[in-house]
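Here is a short briefing on aromatic rings and their neighbours. Have the sequence and the model at hand while you read.

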Amino acid sequence: EVSYRIWDCSDSAEYKVQDVTCYDTELTIIACSPFEASGTSYVELWGRSEECLTLSYRTGWNLFSVPVMMDTTNMLDVFQQMIADKSLVKIQDELGSSLENWGIFGGWKNNIGDVKLTEGYKIKVARPDSLQVCGTPASYPYGIPLQTGWNIIGYPQLLSYDASAVMQQLIDRKTLIKVQDEMGSSLENWGIFGGWKNNIGSMKAGEGYKVKVSAKDTLWIYSSYPKSATAEIELLST
């Protein structure tokens, strides 16, 4: 067996190898293993740099998402450090499944399963804490399926973009009803009182968002958007 690493000298960064293709001297694809002693193989590597992000949580309930593809995706393993620090109280997905301590009835149980880039989650912590996640960014465009009614979605993008620009596709298809962040700020149609108003500002990596749609749809996350990378929150009078 042979393992590979890609090192970028200019950035002093290691790239995770995500795909390996082997060829013979005629450039015909062959199996990469087993290798023949003293033989010759031409190997093509494909990989991406790993990105790390610190997710910060306030005491009480927060909405969060994980914007990178990690090697370890089991929710229990990802939050093991916060469990050991006794800061984690509960994590819940949009269906109500949870990661929480059942005490004498079995200790910590993970009924959510794996962390997914498409999903947002509710997390309750006993005190302010943070968690570092590392992995490879998503490949764009990246689709987030939406069910009729309320969804809690992730934001698989490392750059901040105007919530209106990200959601414009749903507005154009007339399926979007409302978007809300963890503070209760919204992107919604005020009708005769001003049309679509964005009080969220920019969508940010690591945040989760509640999205209500009138029909099943798919929100596509792109590598960039035509509008400014950041949007100031519009302050409205009472």
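Is Phe 79 buried or exposed in this predicted model? Phe 79 is buried, with a relative accessible area of 0%. That is under the 20% cut-off for a buried residue.

**Ring pairs**
- The model holds five aromatic pairs.
- One of them joins Tyr 57 and Phe 64.

**Where the rings sit**
- Phe 64 belongs to strand E6 (residues 60-64). Phe 79 lies in the loop between helix H1 (75-78) and helix H2 (80-84).
- The pair therefore ties together parts that are 15 residues apart in sequence.
- Ring pairs link Tyr 57, Phe 64, Phe 79 and Tyr 121 into a cluster.

**Burial**
- Tyr 57 and Phe 64 are both buried.
- For Phe 64 the relative accessible area is 1%, so Phe 64 falls under the 20% limit.

**Charges over rings**
- Lys 122 places its charged end over the ring of Trp 61, 5.6 Å from the ring centre.
- Lys 210 lies over the face of Trp 150. Here the distance to the ring centre is 5.3 Å.

Technical notes. Residues numbered from 1 in each chain as written. Predicted model: local features only at pLDDT ≥ 70, side-chain atom pairs only at ≥ 80, totals over all residues. Heavy atoms only, no water. Phe/Tyr/Trp six-rings, centres within 6.5 Å; stacked < 30°, edge-to-face > 60°. Buried < 20%, exposed > 50% of the residue type's maximum accessible area, 1.4 Å probe, protein only. Helix = DSSP H or I, 4+ residues; strand = E, 2+ residues; numbered from the N terminus. Lys NZ or Arg CZ within 6 Å of the ring centre and 35° of its normal.
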